[in-house]
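Please open the model in your viewer and keep the selection tool at hand. The stops below move from one group of side chains to the next.

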Amino acid sequence: MKNTILLVEDEEGLASYVAKELTFEDFDVLTATDGAAAWEIYQQKKDRLLLVLLDWMLPKMDGMEVLRRIRKHDELPVIMMTARDYLGDKVTGLDNGADDYITKPFEIEELLARIRVIQRRTAHQSGLDQTYHLGDLTLVTKTRQVDRAGDTIQLTQREYDLLLFLMQHPGQVFTRDELLDNVWGVDFLGQQNVVDVYIGYLVDCKINPNAVRTKKISFL
């Protein structure tokens, strides 16, 4: 999966801080301090990019113009990252093709959560025609069909989303919070034990509980 982020920010201290945090989260980071440089990097590296973090007020070419140019070519995710916090500015950014809009100052955890939303959506889109196997369990994303040993299993939307996420990440360990962020979404306000409940639903649907354990899912 693509993990390179283009960070476009002319405030040196903020750019350095955000780049450091993104690198700590295992992203590769390309940086630009003005719109013209951002546009040039995009043209050269667009096939590597997961998303663009784009300031609005930039030298040489403002962020909105960079966004418009990107949208003429593809649907690369763009998160506007700006001090312009008026409702009209947010509407303008979103109407011109931004996927999200975060206002300064912000907590890095919020930015990372918004990036995870983009990652989840991108992974879902790239997996639309995939088939996953785990033992005698098969999941076909194009038809949303789940079979075990040849028998079709009927799942609710949430059960399907949880199973798909687990099968897309074999051998990885997740906390409840991580599963909630990636399956339920960062805005979920319910109880953490909903994860345990839905794992129980999957088991009740005759999905072998050992199949889940082989993926080393840990509820911490």
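Select W39 and Y42 first: both belong to helix α2 (residues 35–45), where they sit 3 residues apart, about one turn of the helix. Helices here are DSSP runs of H or I with at least four residues, strands are runs of E with at least two, and both are numbered from the N terminus. An α-helix has 3.6 residues a turn, so residues three or four places apart point the same way. W39 and Y42 are both buried, a term that means under 20% relative accessible area, with exposed being over 50% and partly exposed in between (1.4 Å probe, protein chains only).

The model is a predicted one, in which local features need pLDDT of at least 70 and side-chain atom pairs count only at pLDDT 80 or more, while totals for chains, interfaces and linings use all residues. Residues are numbered from 1 along each chain as its sequence is written, and side-chain values use heavy atoms, with hydrogens and water left out.

**Aromatic pairs**

How many aromatic pairs does a search of the whole structure find? The search finds 3. Rings of Phe, Tyr and Trp (its six-membered ring) pair if their centres lie within 6.5 Å; planes under 30 degrees apart count as stacked, over 60 as edge-to-face and the rest as tilted. One of the pairs is W39 with Y42, which is stacked, at 5.2 Å centre to centre and 25° between the planes. Next select F165 and F174, a tilted pair with 4.9 Å between centres and 55° between the planes. F165 is buried at 8% relative accessibility, and F174 is buried at 7%.

**Helix α3**

Move to helix α3 (residues 63–71) and select its buried residues: G63, M64, V66, L67, I70 and R71. Viewed down the axis of α3, these fall within an arc of 160°, so they line one face of the helix; the arc is taken from the directions from the helix axis to the C-beta atoms. At the start of α3, select D62, where a side-chain oxygen comes within 3.1 Å of the backbone nitrogen of M64.

**Salt bridges**

The whole structure holds 11 salt bridges, each defined as a side-chain nitrogen of Lys or Arg within 4 Å of a carboxyl oxygen of Asp or Glu. Select E9 and K104, whose side chains meet in one of them at 2.7 Å, N to O. E9 lies in the loop between β1 (4–8) and α1 (12–24), and K104 in the loop between β5 (100–103) and α5 (108–126), so the pair ties together parts 95 residues apart in sequence. E9 is buried, at 2% relative accessibility.

Continue to E110 and R114, where the closest N and O atoms of the salt bridge are 2.6 Å apart. These two residues are 4 residues apart in helix α5, about one helical turn. Both are partly exposed, E110 at 33% relative accessibility and R114 at 22%.

Finally, select R116 and D181, which form a salt bridge at 3.2 Å, N to O. R116 lies in helix α5 and D181 in helix α7 (residues 176–184), so this pair ties together parts 65 residues apart in sequence. R116 is partly exposed at 27% relative accessibility. To see salt bridges that share partners, select E9, D55 and K104, which are joined into one network.

Note on methods
Polar contact = N/O pair within 3.5 Å; in protein donor to acceptor, adjacent residues only side chain to side chain.
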